[in-house]
Amino acid sequence: MRHQPALAQRFRTLKPSATVEMSERVREARAGGRQIIALSSGDPNVPTDPRIIDAAERALRGGATHYTSSSGEPALRFAIQQRELERSGVHYASDDIIVTPGGKFAVLSALMGVVEPGDEVLIPQPGWVSYGPCIRLCGGVAVPVEMPSGFNIEALRAALTPATRAVIVNSPVNPTGEVLTEEEISGLVALATESNLWIIFDQVYADMSYTGPICFPQSLAAGFERTLVVDSLSKSFGMTGWRLGYLAMPPGVASFVVKFIQHSIYCVPAFIQAAGVAALALADELLPVYRSMFHARVLRGAEALQSVEGLSCTVPSAGFFLFPQVEGDEVEISRRWLDELNIAVLPGTAFGAAGAGHIRLSLSCTDEELDIALDRIAGAGVYS
Ligand code: PLP
């Protein structure tokens with residue numbers, strides 16, 4: 001192997017995903033016979049509804065085994081149009097919607113479309129683990145903007161330079177469960193307008209708000225023209241493994257992004273898209289059920305953690321993550337919980353330096369597993 005040429009810098013410097021790595025460790029430990037309770041991955045314990053599976057099977061048996069449109073099947077894009085209209089009040093033309101293999105690829109596609117080498121992209125932190133690596137894969141510079149006490153428009157303003165091209169905003173936020181207010185969204189749109197930035201708005205947890213409707217930058221006229229909306233069926237419909245998401249964009253952008261799709265994945269498989277049509281048709285029935293299940297779970301989890309000495313846990317406004325503050329070193333506590341309690345969580349610093357002093361627990365396990373995990377944590381606490 002002495003003469004093997006070097007791999008590209010972009011790969012050599014790419015950090016692994018902390019969440020995916022932890023899932024691999026859990027898989028290995030389970031294969032070795034350990035009974036780990038995984039509170040680490042954002043993969044909800046919601047089985048895909050059988051009617052969605054039937055739709056995929058019917059499509060497969062009906063011949064949906066060929067390449068299909070790179071933008072996405074018309075029926076799915078129509079359903080996404082309706083979904084966007086209902087939620088954000090925005091009427092996207094179906095030509096401005098592109099179906100992607102999950103929200104993660106939607107983030108990457110959006111960044112590929114707007115980032116030139118050397119461009120800076122602001123990412124509020126604590127924030128999701130993949131934004132920085134996706135920016136770097138596009139040749140951009142990820143600029144973490146620390147917001148340990150919640151969304152902070154002035155911190156974003158202070159991070160602006162002439163090279164700033166875009167800002168990625170996620171609401172509801174993974175890992176904190178924070179939902180941006182109307183004022184924060186209009187502040188974001190005003191800042192992006194003044195500084196001529198793109199907004200990449202990641203709304204993959206928008207169906208799981210416990211505090212009322214979510215505000216969207218694309219709902220404001222000035223926001224619509226500069227926002228690339230990232231969404232996914234993964235979390236809302238128990239469909240993480242199907243890999244189905246989308247981008248909704250202002251006019252004129254999709255015709256460029258679609259060329260990236262054509263030259264990379266070509267298309268999302270047609271039978272997966274058929275499942276997506278079935279899922280969206282069931283939204284009014286399924287989403288309230290999943291939402292109330294997760295709401296009950298975060299209420300119970302937050303209450304239990306709050307009573308543990310050394311932990312302080314508020315109830316998130318949305319989603320299925322808890323992000324308690326811990327007294328002590330979050331990396332050491334996470335390690336100890338895995339080694340001694342068989343509970344996998346993530347240290348807050350996996351979500352950026354602003355996550356220091358926190359642990360992220362994903363309540364994506366069963367209620368029974370959650371009860372066992374909460375009992376073990378209450379018994380062991382955070383101190384060694
Ligand atoms: N955005 C955020 C904030 C996430 O937490 C995730 C998944 O964990 C995604 C996007 C992407 O999810 P998927 O690619 O499964 O749609």
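Biologist: In this predicted model, where does the ligand sit?

Modeller: A molecule counts as sitting in a pocket if more than half of its atoms lie within 2 Å of the grid points of that pocket. By that criterion, the place where the ligand sits is the largest pocket.

Biologist: How many residues surround the ligand, and how do the residues of this shell divide into nonpolar, polar and charged?

Modeller: The ligand is surrounded by 14 residues, and the closest are G103, D202, Y205, S232 and S234. Sorted by kind, the residues of the shell divide into four nonpolar, six polar and four charged.

Biologist: Which residue has a polar side-chain atom 2.5 Å from a nitrogen atom of the ligand?

Modeller: A polar contact is a pair of N or O atoms within 3.5 Å. An oxygen atom of the ligand lies 2.9 Å from a polar backbone atom of K104, and an oxygen atom of the ligand lies 2.7 Å from a polar side-chain atom of S234. The polar side-chain atom found 2.5 Å from a nitrogen atom of the ligand belongs to D202.

Biologist: What percentage of the ligand's accessible area does the protein cover?

Modeller: On its own, the ligand has 400 Å² of accessible area. Of this area, the protein covers 92%.

Biologist: What distance separates the centres of domain 1 and domain 2?

Modeller: The chain is divided into domain 1, with residues 9–48 + 284–380, and domain 2, with residues 66–283. The contact between them takes 37 residues from domain 1 and 33 residues from domain 2. Taken over C-alpha atoms, the centres of domain 1 and domain 2 are separated by 24 Å.

Note on methods
Residues numbered from 1 in each chain as written. Predicted model: local features only at pLDDT ≥ 70, side-chain atom pairs only at ≥ 80, totals over all residues. Heavy atoms only, no water. Near = heavy atom within 4 Å. Polar contact = N/O pair within 3.5 Å; in protein donor to acceptor, adjacent residues only side chain to side chain. Areas by Shrake-Rupley, 256 points an atom, 1.4 Å probe, with all protein chains shown as cover. 1 Å grid on protein atoms, 1.4 Å probe; cavity = no way out; pocket = protein on both sides within 12 Å on 5 of 7 lines; lining within 4 Å. Nonpolar A, V, L, I, M, F, W, Y, C, P; charged D, E, K, R; others polar. Domains from an automatic or database assignment. Contact = heavy atoms within 4.5 Å.
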